[in-house]
Amino acid sequence: RGAQLGRDAVSAPGLAHWHDAVERVPTRALLPIGLGGESTHPNSRAFLGDKLLAGAVALAMCKANEGRSLGELSELQSVATSNRLLYDELQTVLPPLVDAAVCSRGASQTHDVGTMVEAAVAAVHAAGGGEQAIAELAAWLVAKAAEVGSYNAKGVLLERNGAVDSRRRGGP
């Protein structure tokens, strides 16, 4: 299925508008506590950013829908908005924040990185006129997700008639 998702992948669009918009957002407004931030405000912003990004990704997928099934669209949406993809692509998505300070704090927590990107989406939206920048980011994430395929290894295994077994050994 992962190969199927990427079968119609188009080249990823540029991120010039997104980068221009996000560079105007103060870093402190985006850093969650897990990455050295000083407040929980990025988490609150990320709540809105998550919803805005999901909507923009859905719109981007509808514009680029090349006959994908509903299941494929759902999986593509999941990958495109996943903390894992946002973490893997952090240097491209938020270059102003990938500096020695963030890296030295060990940005190994994918959830914190996802929070940071989602907070950036909310901040760009709040600044006004960010619709084009967010749409550009969403289209880029959709193209990347189509390249990546699936992060759901268990689901792919089951779809290919594999088996998953879970048994406890000793203890409750």
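Glu147 is partly exposed, with a relative accessible area of 47%; buried here means under 20%, exposed over 50%, and partly exposed in between, using a 1.4 Å probe and protein chains only. Its side chain meets that of Lys144 in a salt bridge, 3.4 Å from N to O. For that label, a side-chain nitrogen of Lys or Arg has to sit within 4 Å of a carboxyl oxygen of Asp or Glu. Lys144 is buried, at a relative accessible area of 18%. Both residues belong to helix α9, 3 residues apart, about one turn of the helix. An α-helix has 3.6 residues a turn, so residues three or four places apart point the same way.

## What sort of model this is

This is a predicted model, so local features need pLDDT of at least 70 and side-chain atom pairs count only at pLDDT 80 or more, while totals for chains, interfaces and linings use all residues. Residues are numbered from 1 along each chain as its sequence is written, and side-chain values use heavy atoms, with hydrogens and water left out.

The pLDDT is the predictor's confidence in each residue, from 0 to 100. Its mean over the chain is 81, and 77% of the residues reach 70 or more. Residues 1–11 are the stretch to treat separately: pLDDT is below 50 there, though the model still gives this stretch 27 contacts beyond near neighbours in sequence. A contact means heavy atoms within 4.5 Å.

## The other salt bridges

Searching the whole structure turns up 3 salt bridges. One of them joins Arg84 to Asp88, with the closest N and O atoms 3.5 Å apart. These two sit in helix α5, 4 residues apart, again about one turn of the helix. Arg84 is partly exposed at 45% relative accessible area, and Asp88 is partly exposed at 40%.

Lys51 and Asp50 also pair through their side chains, at 3.0 Å from N to O. Lys51 is partly exposed, at 43%, and so is Asp50, at 26%.

Helices here are DSSP runs of H or I with at least four residues, strands are E runs of at least two, and numbering starts from the N terminus. Helix α3 covers residues 41–63, 23 residues in total, and reaches 33 Å from first C-alpha to last, close to the 33 Å expected. That expected span is 1.5 Å times one less than the number of residues. At Phe47, α3 bends by about 25°, the angle between axes fitted to the seven residues ending there and the seven starting there. Its buried residues include Pro42, Gly49, Leu53 and Met61, and among the elements covering the buried residues are α4, α8 and α9.

As for α9, its 18 residues reach 25 Å, close to the 26 Å expected. Among its buried residues are Ile134, Glu136, Leu137, Trp140 and Leu141. Just past the end of α9, Gly149 takes a positive phi of about 90°.

## The nonpolar core

A nonpolar core is a set of buried Ala, Val, Leu, Ile, Met, Phe, Trp, Tyr and Cys residues joined through side-chain atoms within 4.5 Å. The largest one has 40 residues, and Trp18, Leu94, Val124, Leu137 and Leu141 touch the most other members. Elements giving two or more residues to this core include α2, α3, α8 and α9. It's α9 that gives the most, with 9 residues.

Leaving aside residues up to four places away in sequence, Leu94 touches Trp18, Val22, Met116, Val117 and Ala120.
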